[in-house]
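Here are a few notes to go with your first look at this one. Have the viewer open as you read.

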Amino acid sequence: MRQTAMMKFGLKRINGTSFYWLFLSGALYCWSSEAHLHTIMAAQARAVVSAQWLADAIRNGLVGSKIRVLDSSWYLPITKRDPKAEFAEKHIPGSSYFDIDECSDQSSPYDHMLPTSSHFSRYVGELGIGNDTHVVVYDTNGFGSYSAPRVWWMFRLFGHNSVSVLDGGMKNWLAEGRPVTSEQVKPERKDFKVSTNNTAWVKTYEDVLENISTKTIQVVDARSAGRYRGVEPEPREGTLPGHFPGAINMPFTSFLEASGKYLANEDLSRLFREAGVKLDQPLWATCGSGVTACLVVLAAHLLGHPGVCVYDGSWAEWFKRASPENVISEGEGKEM
């Protein structure tokens, strides 16, 4: 692996014992095992890690010390699934549960809107995450990836870039025969300080409304084609399907293989190209409530986009606040 100004590594002998060191983003890591060093370095090189990589990290004893694994599963109420109960029954060894509803703006009338930086710091600190912790997130959705990219995006928004999504999630982890457990660990609380607050990555209703007039920014809608067109029902009561003017539909499932893993970069690039999305220009993403929009963010990130912005309120907010002419639908549409 190539060294950079932000990442340097090497070997030092002290009293006849070899220690491998890694200097990354201002922090110094030290291990007696070369395997441990390469495990950490491999994760820093990419936003998505494989089941094999995580299994190796667990076997090498890195999970719980240098790495924290988070089950960030979330389901719409209409599914009647309880992700916390499912976590208690079965999860990847050493993992903790991250609740995107708890770690959110509790004063907002909309679902799991972004929390304040202080709320986020307290919440992840209680999960044993500090600024020197590498975080791996996954979820248990049958698609392979659903809510985990939202948590990945949140960490990055608050300045913590040492975070990866488990490729294929629990779906692929089980398909590969990897171990699961019901044993829960209580991590020791750590101090997490938000180093950067990339609030420019968060777009509001007013931002989108202005963009409809100016037509300056590309916006991708990650919901299914049926919900986007207005011919498939929305999962939230009182909300009709459709989309706002100018939105480009790229269902989040299109970024995933049948295994739940992300498509190869050339296939991701083709998807954006065929949708008419230019990755050398600014890009925003939206969905139902700001969750699956983050798969668009991650896919573009894997192709080198510096930072796709997310309309946090997404369609759940838009339908309630927008005037009928800004709700485009082949179905019923919105009435005054």
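The points below take up a pair of helices and then a pocket.

1. Before anything else, keep in mind that this is a predicted model.

2. Start with helix α9 (residues 265–275) and helix α10 (residues 293–302), which pack at an angle of about 120° with their axes 9 Å apart. The crossing of α9 past α10 is left-handed.

3. Which residues make that contact? From α9 they are Asn265, Leu268 and Phe272, and from α10 they are Val296, Ala299, Ala300 and Leu302. Sorted by class, the contact has six nonpolar residues, one polar and no charged ones.

4. Now turn to the second largest pocket, which holds about 290 Å³ of space. Its lining counts 20 residues, and Leu76, Tyr146, Arg227, Phe252 and Thr292 are those nearest the centre. By class, the lining has ten nonpolar, six polar and four charged residues.

5. Where does the second largest pocket sit relative to domain 2 and domain 3? Domain 2 (48–197) and domain 3 (200–326) both give residues to the lining, so the pocket lies between them.

Note on methods: Residues are numbered from 1 along each chain as its sequence is written. This is a predicted model: local features need pLDDT of at least 70, side-chain atom pairs count only at pLDDT 80 or more; totals for chains, interfaces and linings use all residues. Side-chain values use heavy atoms; hydrogens and water are left out. Axes are lines fitted to C-alpha atoms, for helices over the stretch in contact, and angles run from 0 to 180 degrees between N-to-C directions. Helices (H or I, at least four residues) and strands (E, at least two) are DSSP runs, numbered from the N terminus. A crossing is left-handed if the near helix is turned anticlockwise from the far one by less than a right angle, and right-handed if clockwise. Contact means heavy atoms within 4.5 Å. Ala, Val, Leu, Ile, Met, Phe, Trp, Tyr, Cys and Pro count as nonpolar, Asp, Glu, Lys and Arg as charged, and the others, Gly among them, as polar. On a 1 Å grid over the protein atoms alone, a cavity is a set of points where a 1.4 Å probe fits but cannot get out, and a pocket is an open set with protein on both sides within 12 Å along at least five of seven lines; lining residues have an atom within 4 Å of a point. Grid points are joined across faces, edges and corners, and a volume is the space filled by probe spheres set on the points. Domain bounds come from an automatic or database domain assignment.
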